[in-house]
Amino acid sequence: MKTASGNQQATMHEDQNIESVTKMALQFLAEAIGQCPAGLESSTNRDIVFAVLGFQYGAVQSAAYVAGLGENAAADIAQEVIGRINGMEMATASKFVALMPMLAEKGYPPIGIGSKAIIGFYNATDEEEKLARAGSLRELLRQIAEA
């Protein structure tokens, strides 16, 4: 049986995890976007927009999963991170995040790439490996441009 203080400690721990995941995801995604061509944020190419947002969503989901957070917390973090890093209104970010579970279920590749990239980035043993992981978004966009 949990006590009130036990529940309070669990809530504090989850809040710390949420803050930690948000910070980690923002740091990684800023690095990944910094590896991409200039003007990415103003792209109107729908494939590019969804690839970037899918990559970002996958990264946040993976970080949240590793931190032991549930789906609702992960979705809230994804909305905040995607909104902040792309300069979106929260309502717009929410609409994109709402589509992502369906895309993930269909195996949308950018989500899986983002998920693997953030884990590889934080487990990298040197800066070269970190840059390679952060550069996976750039590589994804290059493949889309060539298609």
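Glu80 and Arg84 stand 4 residues apart in helix α3 (residues 71-86), so about one helical turn separates them. The model is a predicted one, and in it the side chains of Glu80 and Arg84 form a salt bridge with an N to O distance of 2.8 Å. Side chains of opposite charge can then pair when their charged atoms come close. Glu80 has a relative accessible area of 31% and is therefore partly exposed, since that class lies between 20% and 50%.

Across the whole structure, a search finds 3 salt bridges. Helix α7 (residues 136-146) holds both Glu139 and Arg142, which are 3 residues apart, about one turn of the helix. Their side chains meet in a salt bridge at 2.4 Å, N to O. Arg142 also forms a salt bridge with Glu146, where the closest N and O atoms are 2.6 Å apart. Arg142 and Glu146 are separated by about one helical turn, because they lie 4 residues apart in helix α7.

Glu31, Asp126, Glu127 and Glu128 form a negative surface patch. One of these residues, Glu128, is located in helix α6 (residues 127-134). Glu128 counts as exposed because its relative accessibility of 66% is over the 50% cut-off.

The buried residues may be considered next. Val21 belongs to helix α1 (residues 4-34). With a relative accessible area of 1%, Val21 is buried, because the limit for that class is under 20%. Val21 and Ala78 are 57 residues apart along the chain, and their C-alpha atoms are separated by 9.7 Å.

Helix α5 (residues 109-123) comprises 15 residues. From its first C-alpha to its last, helix α5 reaches 21 Å, close to the 21 Å expected at 1.5 Å a residue. The buried residues of α5 are Pro110, Ile111, Gly114, Ala117, Ile118, Gly120 and Phe121.

Terms used: Residues are numbered from 1 along each chain as its sequence is written. This is a predicted model: local features need pLDDT of at least 70, side-chain atom pairs count only at pLDDT 80 or more; totals for chains, interfaces and linings use all residues. Side-chain values use heavy atoms; hydrogens and water are left out. Patches are made of residues with over 30% relative accessible area and no salt bridge: like charges are joined within 9 Å, nonpolar side chains (Val, Leu, Ile, Met, Phe, Trp, Tyr) within 5 Å. Accessible areas come from the Shrake-Rupley method with a 1.4 Å probe; for residues, only the protein chains shown count as cover. A salt bridge is a side-chain nitrogen of Lys or Arg within 4 Å of a carboxyl oxygen of Asp or Glu. Lys and Arg count as positive and Asp and Glu as negative; His and the chain ends are not counted. The place of a charge is taken as NZ of Lys, CZ of Arg, CG of Asp or CD of Glu. Helices (H or I, at least four residues) and strands (E, at least two) are DSSP runs, numbered from the N terminus. Buried means under 20% relative accessible area, exposed over 50%, partly exposed in between (1.4 Å probe, protein chains only). The expected span of a helix is 1.5 Å times one less than its number of residues.
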